[in-house]
2 protein chains.
Amino acid sequence: MANRRAVVSLGHKALGYTTDEQLNAVRHTAKALADLVEGGYDLAITHSNGPQVSMIHKAMTELRRLYPDYSPAAMCVCSAMSQGYVGYDIQNSLKSELLSRGVNRTVATILTQVTVDPYDEAFYNPTKVIGRHMTAEEAAMEERKGNYTKEDPGKGYLRVVATPQPIQIVELEAIRTLFDAGQIVIAAGGGGIPVIEQQSNLKGASAVIEKDDIASLLACKLDADELIILTGVDCVMKNFGKPNETPIRNMTTAEAIALKEAGEFAPGSMLPKIEAALDFLETKPEGRVLITSLDAVSYAISGKNGTVITK
Amino acid sequence: MANRRAVVSLGHKALGYTTDEQLNAVRHTAKALADLVEGGYDLAITHSNGPQVSMIHKAMTELRRLYPDYSPAAMCVCSAMSQGYVGYDIQNSLKSELLSRGVNRTVATILTQVTVDPYDEAFYNPTKVIGRHMTAEEAAMEERKGNYTKEDPGKGYLRVVATPQPIQIVELEAIRTLFDAGQIVIAAGGGGIPVIEQQSNLKGASAVIEKDDIASLLACKLDADELIILTGVDCVMKNFGKPNETPIRNMTTAEAIALKEAGEFAPGSMLPKIEAALDFLETKPEGRVLITSLDAVSYAISGKNGTVITK
């Protein structure tokens, strides 16, 4: 039987917050990914990068404060560094985990740029928090540079960036070539490095693309059979957090839409995952979406856990 | 006529030292690379990362000093970040330059690990300077962590790392798949992320692989027709820096060996490039090595400049 082609989206839990935490978390994540490979999946993997890009942004900001000869590192540069950092840890750990199981597969990360629309309404209402707390003076300086900040009462100010929709995956052909060759490819980490088309140039944008949005786009463009979203819960829940919460093991897109409209899914949490699932199944009606946790995924692929969404 | 398959090695001049410098330098570099593409070359590109990995190492060290909750960033992690940073700038600029000439080619960076031998004699005599100047106390602390430092008289202490020989390119299959598909691939930046095999694990090593060494290995493994080393001079010189210096436009490997043995080539400068050329031509006797500058390369490919070495 031919392998099933899946795009896997990894959330924060798969990666941790500091370099040490990430190394340990990624080793655990590698086991879940190796289970998928042994379960007959070809994988394209994408991941979040919030804590990582924040750490790098902080480091580059402090560097410049101490050594003013260094020019500033734009968000797109920090994002590229974070793809290098996270991609390396995932490809290293997954390769090792596979080798320890006697499976020899090529695992590689492709640095990925993703175009966004400069007129995306997200640019007028940036909401994604980035980096360390700043003083009021530092925040004012950021605003003068054209960046946005918001007050975190009692703690100072934070930089916020826009989360526009992804349009095109610039390195798609490279990702597809590896994926079609049965290699495991890590791509569009942190949603991809957001760029804006200006004639033939691709200008780095001060923005972050949500990983659920890019995972769905990547799954559509790679013509994947399945989109697997690994998150903090084993299943999508009805009445989440209430005494009568119940796991949803299967739902159709129509059921998902009805639950979404009833306000069942929390914005910034399960809602973007459900929306990514609906987007993928709209483009690929014969596709399948699995939402589950890292720990439950090996049960979920044999149908013993997780939430499956189909058209 | 089929395209010629070339591995191109880019030195420091191609990249600059700070983020702003790099952005400008890379735009200039992209023109030379686009000339090669238009001249009928398929390209795999590798590059140095000395200033970039130093900048990142410095930033991560300062971050940890200010926020002790962050765990240290190992050299391999800084190297991975530098591949993300430099790879992004090159793939972005080269894609733009090609598009502006009406050429649509996929350009992508593959994060690359390269195995080294833990018993490589370089580990017993580290020579490559990394990062900022330290006080005697900081240097002592580095030594206690198992790292090496050396005194830079009057300025403090510097961390030094080993420069072992590359053995295996872990992501070779991914690089080859893209290269064979006629895509432009950037790989093994900064010599690759050095790793040591420990059973099925690949453990990040405190080391730096010289870019000339990896360029030659990559050219051999990709079965390239040509190795193109872009450096600070238009040609290899006989009697370099003396009143009677003369450009060498062509030489055989036998001539190169004779000149090398006569001490014509400076260690740490032209010598490693000549050695890389000899290594490549030893493995691929029908191959060709071109050593020239970024500015002269478009003349050099039509035979009007540069030094060509053949068996």
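In chain B, the axes of helix α2 (residues 50–66) and helix α3 (residues 75–100) come within 9 Å and cross at roughly 125°. The structure is a predicted model. Angles of 65 to 115 degrees count as roughly perpendicular and those over 145 as roughly antiparallel; α2(B) and α3(B) are therefore oblique to each other. Their crossing is right-handed. On the α2(B) side, the contact is made by Gln52(B), Val53(B), Met55(B), Ile56(B), His57(B) and Met60(B). Helix α3(B) contributes Met75(B), Cys78(B), Ser79(B), Met81(B), Ser82(B), Tyr85(B) and Val86(B).

Turning to the interior, nonpolar side chains tend to be buried together in soluble globular proteins. Here the largest nonpolar core has 108 residues, and Leu43(A) and Leu43(B) have the most contacts inside it. Beyond its neighbours within four places in sequence, Leu43(A) touches residues including Ala6(A), Val8(A), Leu33(A), Leu36(A) and Val37(A). Phe179(A), Gln183(A), Ile184(A) and Val185(A) are also in contact with Leu43(A). Another core, of 97 residues, lies apart from the largest one and includes Ala205(A), Ile169(B), Val185(B) and Leu218(B).

Leu218(B) also belongs to the buried residues of helix α6(B). This helix (residues 211–221) is mostly covered, with 10 of its 11 residues buried; among them are Lys211(B), Asp212(B) and Asp213(B). Just after α6(B), Asp223(B) adopts a positive phi of about 55°.

The same surface serves both copies, since 100% of the contact residues of chain B recur in chain A.

Key
Residues are numbered from 1 along each chain as its sequence is written. Chains are lettered from A and ligands numbered from 1 in the order in which they are written. This is a predicted model: local features need pLDDT of at least 70, side-chain atom pairs count only at pLDDT 80 or more; totals for chains, interfaces and linings use all residues. Side-chain values use heavy atoms; hydrogens and water are left out. Contact means heavy atoms within 4.5 Å. Buried means under 20% relative accessible area, exposed over 50%, partly exposed in between (1.4 Å probe, protein chains only). Helices (H or I, at least four residues) and strands (E, at least two) are DSSP runs, numbered from the N terminus. A nonpolar core is a set of buried Ala, Val, Leu, Ile, Met, Phe, Trp, Tyr and Cys residues joined through side-chain atoms within 4.5 Å. Axes are lines fitted to C-alpha atoms, for helices over the stretch in contact, and angles run from 0 to 180 degrees between N-to-C directions. Angles under 35 degrees count as roughly parallel, over 145 as roughly antiparallel, 65 to 115 as roughly perpendicular and the rest as oblique. A crossing is left-handed if the near helix is turned anticlockwise from the far one by less than a right angle, and right-handed if clockwise.
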